[in-house]
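Biologist: Please show the model, and then let us go through it question by question.

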Amino acid sequence: MANRARVWRRRTIAALAASIIIALGGAWPPGFASGGDVKGATLAALPESALNDADQDVERLLYEASKGEDYDAYLSKHADQPHPDRNITLEGAGYSAADGMTPELKTDFEGRAGHSVLTTEQGSISWDVNVQEAGLYQIEVAYYPIAGKSASIQRSLLLDGKVPFVEADNLALPRVWADETRDPVKLANGSERRPEQVERPRWQEVTLADLQGYHDRPFSFYFSAGSHRVTLVSRREPAVIGQIRIFKAPEPPAYEDLAAGYAATGLRDADARTLIEIQGERAAFKSSPSLYPISDHSSPAVTPYSASAMLLNTIGGNNWRVPGDWIEWEFDAPESGLYTIGIKAKQNSLKGMNVTRKLMLDGEVPFQEMNQVAFEYSGDWKTNVLGGKQPYRFYLAKGKHSIRLEVTLGGMAPIINEVKASLVRLNEAYRRIIMLTGTTPDPFRDYQADRKLPGLVQALSEEHERLAEAADRMERLSGKRSDKQAVLETMADQLVQLQKHPESIPKRLASFKANIGALGDWILQTSEQPLTIDSLYVASPEAALPTAKVSFWKKLKHSALQFYYSFTIDYNEIGEAGTAGAKPERDLTVWVGTGRDQAEIIQGMIDDTFAADTGIHVKLELIPINVLLPATLSGAGPDVAIQIGNASGSPAGNDLPLNYAMRGAVQDISQFPGYGDVAARFRDSALAPYRYADGVYALPETQSYPMLFYRKDILEELGLSLPQTWQDVEDMLPVLNRNHMEFGLPQPIASLPAVDGQSIASNSVQNLAPNAMFSMLLMQQGGEFYRDGGRRSALDSDVAASAFRQWTDYYTDYKLTKEYDFANRFRTGETPIGIADFTAYNQLSVFAPEIKGLWGFAPVPGVKGDDGVIRRDVPSGGTSVLMMSAAHDKDAAWSFMKWWTSERSQTRFAREMEGLLGAAARYPTANLKSFESLPWPKQDYDNLMAQAEWVRGIPEVPGGYFTGRYVINAFYHVMNDGMESREALDESVDYIQEEIKHKREEFKLPN
């Protein structure tokens, strides 16, 4: 403690000096007033165990790019440059250098004549090019998406060794997907289940553009005259590169010019009787597996229609909202001529706003107006004739054609881009303010923010003008007011008050933070462009397109039928494929406690593979898992229960299978044939909580564990390196504290069970098991929770006392916050470094786009041993699948458990979940081979694997739920009552030991 006190004083003095400089105005970043970036200290070092030198170089390079100028600034700098009409082709096989990968040459690959090159998902490959005329060029990549992890291919582009602008460090090359079968699977109840989405790879040419859609034109890259090097850095997934083309992308003509030439060339309208209807759900190809057919039985306007069955009669909806995602349909034109196009669609998501699509015919935009096809808000289906009252005419030659609709932001793109730039600057302003005032400032004190934070008032004024103009542009674009404008106007109004009355900042700080958060949510919401398609029509200009209007009587009949069927059909039942009334020879009942979407995926997998391969029919039911034990004891339970969630109380939060096992409600699966091979699919730490009395009572489905998340930009700004040990953490705490920032520890929160840990609850804030921080410190120092085969608590040891004291000292001595929202505080920079479950990665990737590229994660800090090795032990949590002891066909149940936890099943479920719900739903499967196949960027996967080496399983014991409960009690005795840490822990250990003894006696186990 003396050493810790000396470190604290030394760091406090240093931090105090820094804060004095800031108070005098000397340390305010000069770039703030103009919205520029902060330069200074070097990037915090990455853990040596996670990334090699080459990977660290790439990581630093891409991080520097994330702080550089954006595309708008880059384009403005080269605004006076010409667009030369030249075409330079670089053959993929003619690469000049490769670093970190061994490219493989291909000849006549997949139907493409000549040579190409296979690039892996890590490393870089370069081509040398000589440009004769300086100017701005587009870059097109011809590629073939070979088998990988089913995610879009991501690359960074370097010109002469540097990322030219921020957006170029994350470019997407989409895969091509299709329905596995043309017709959906018919269920016994008459409904339909969506077909599985499968990849249909093919050669594609993609002109590099903004992944987020904030720019509606392809990127332009400046090349001076002379020699240059073009480099593609692999971020995710392998691909075969055929060629790279540096060229001037042709502009499509205006429709007026195109139409003027129709008569001159003798083109005529198609036959008046021609009407081609294309069902939206019968798409030929799509860019994402989430773009599968969906059911809409809300109106009789859709085709096909059923008031009772869930027919797959539309496509798109909320799944089709991300810029860049496209759906393509194919059709045959019966003759050459001019046609009109109509789209029967529903846009009922963005009230007061339009959503936009880009239309391509046979891979090309036919004329400029098709770059932005707008769909107005409407609560009902509407047939949109392209061109409106004077429909556009499209020339089609006789034969096969394709129509592609791609999500774009249209006129909203520049508005969103401006608001995003404003958000970045306002976040910086907020962080600077709290470095002066703290997060809970004295409302009666004038901090003189306008004097001590130079440039603040000017920045607030500029952002007010920018947001007010953005709100006005939104209204002009849609022609009407939208509720989305209110967010911009509220923020703009507050900025006026803050700039006029800077002394009021302490009183308004909380609402300022809330409005910044609302601004981030606004970007996410307006960047999504959902649209549902029922049908497309290609017709003669003289043909009347089917109307989407429905008469009053049809609506009334529809409502009456739906009311009737609500009493006769259970829409929560997950139907099976086949014929109603069929009686299988073997059957199972499986309960699942998640949502309908997940259950439908599982049922589809069961029918496609498990039932087809084994002949065992499975009845899948959506049931709240907390009724599992009462139902089983009453004889109404299932044979197998899957996705059994964490229960609180025990240190690892996985005690539900144990509680069932003690009562004889679940089956020991270690006695079944092939158990050893099945157990080898998982880490031993994942199985540890499910062992009891020489038996194993569950198989792990998911496993997650803590990681250290950090803001690269803020640590660099403060001159802090990534901590490797807890001593490093303690050294950095004074610096964070003096800047009114914190290190985020896993929260000491546990939702206590009512009886023996049977309620299903968890640390919902961070998805970590209760006492995760104490568990880390305990295990890293060589301690454990139990001894003597689970008969005794081991928390009466000196190691446990030391770990417990270290844990409580972080809150008593360093005043860290016990309860907080990690994602929000990490996003704003209040907590620029902290420990959270690795699944927080998914949330941050999706919901914090403004800090994209500015954060990372790494293995947690640890304890350095005498051998120099840093122990980074962490606990894990997860879900499981178990067999009830009352299962009537145990062999069939075991077959199902083996199938469900297999690599094939877990990989398919993970990919379909991510396809369904996006990257935020990435599934943390416990199957090692399956986890390896998930679409993590290579460097992030390496960090996860580095931490995985230190994941430790915590055994569950009878009465173990008292361990978590009374460790928390001891913690709060220290926090609230001022009790000495050793005394508090020892008192709790007595209760823990007594409960363990009591439970062992209750279940007749030796003590």
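Predicted model: local features only at pLDDT ≥ 70, side-chain atom pairs only at ≥ 80, totals over all residues.

Biologist: Where does H9 bend, and by how much?
Modeller: The bend in H9 is at Ser 511. Its angle is about 30 degrees.

Biologist: Is Ser 527 buried or exposed?
Modeller: Ser 527 sits in the loop between helix H9 (505–526) and strand S28 (531–539). Leaving out residues up to four places away in sequence, Ser 527 touches Tyr 214, Arg 321, Pro 323, Leu 409 and Ile 416. The relative accessible area of Ser 527 is 10%, and the cut-off for burial is under 20%, so Ser 527 is buried.

Biologist: Which backbone oxygen does the side chain of Ser 527 reach?
Modeller: The distance is 2.6 Å. The oxygen that the side chain of Ser 527 reaches belongs to Ile 523.

Biologist: At which residue does helix H11 bend?
Modeller: Helix H11 covers residues 596–614 and bends by about 45 degrees. Its buried residues include Gly 604, Met 605, Ile 606 and Asp 607. The bend is at Ile 606.

Biologist: What covers the buried residues of H11, and which residue follows the helix?
Modeller: The cover includes strand S11 (192–193), strand S29 (586–592), strand S30 (616–622) and strand S31 (640–644). Helix H22 (890–900) and helix H23 (903–917) are also part of that cover. After H11 comes a residue with a positive phi, near 75 degrees: Gly 615.

Biologist: How many salt bridges does the count come to?
Modeller: Side chains of opposite charge can pair when their charged atoms come close. The cut-off used is 4 Å between a side-chain nitrogen of Lys or Arg and a carboxyl oxygen of Asp or Glu. By this rule the count is 51.

Biologist: How many residues apart in sequence are the parts tied together by Glu 140 and Arg 245?
Modeller: Glu 140 and Arg 245 form a salt bridge, with their closest N and O atoms 3.2 Å apart. Both Glu 140 and Arg 245 are buried. Glu 140 belongs to strand S6 (residues 135–144) and Arg 245 to strand S16 (residues 239–247), so the parts they tie together are apart in sequence by 105 residues.

Biologist: Is Lys 999 buried or exposed?
Modeller: Lys 999 forms a salt bridge with Glu 1002, with 3.0 Å between the closest N and O atoms. The two are 3 residues apart in helix H27 (residues 981–1002), so about one helical turn separates them. Glu 1002 has a relative accessible area of 39% and is partly exposed. Lys 999 has a relative accessibility of 5%, so it counts as buried.

Biologist: Which residues does Gly 790 contact, leaving aside its neighbours within four places in sequence?
Modeller: Gly 790 lies in the loop between strand S37 (786–787) and strand S38 (792–793). With 7% relative accessibility, Gly 790 counts as buried. Glu 956 is 166 residues away from Gly 790 in sequence, yet their C-alpha atoms are 8.0 Å apart. The contacts of Gly 790 are Val 957, Ile 996 and Arg 1000.

Biologist: Which residues make the nonpolar surface patch of about 400 Å²?
Modeller: One member lies in helix H10 (residues 552–568), namely Leu 556. Leu 556 is partly exposed, its relative accessible area being 43%. The patch is made by Phe 552, Trp 553 and Leu 556.

Biologist: What percentage of the residues of the protein count as buried?
Modeller: The protein has 27 helices and 43 strands. It exposes about 40,300 Å², of which carbon and sulfur atoms supply 49%. Of its 1007 residues, the share that counts as buried is 57%.

Terms used. Residues numbered from 1 in each chain as written. Heavy atoms only, no water. Patch = residues over 30% accessible without salt bridge, like charges linked within 9 Å, V, L, I, M, F, W, Y side chains within 5 Å. Areas by Shrake-Rupley, 256 points an atom, 1.4 Å probe, with all protein chains shown as cover. Helix = DSSP H or I, 4+ residues; strand = E, 2+ residues; numbered from the N terminus. Buried < 20%, exposed > 50% of the residue type's maximum accessible area, 1.4 Å probe, protein only. Bend = angle between axes of the 7 residues up to and from the residue. Contact = heavy atoms within 4.5 Å. Polar contact = N/O pair within 3.5 Å; in protein donor to acceptor, adjacent residues only side chain to side chain.
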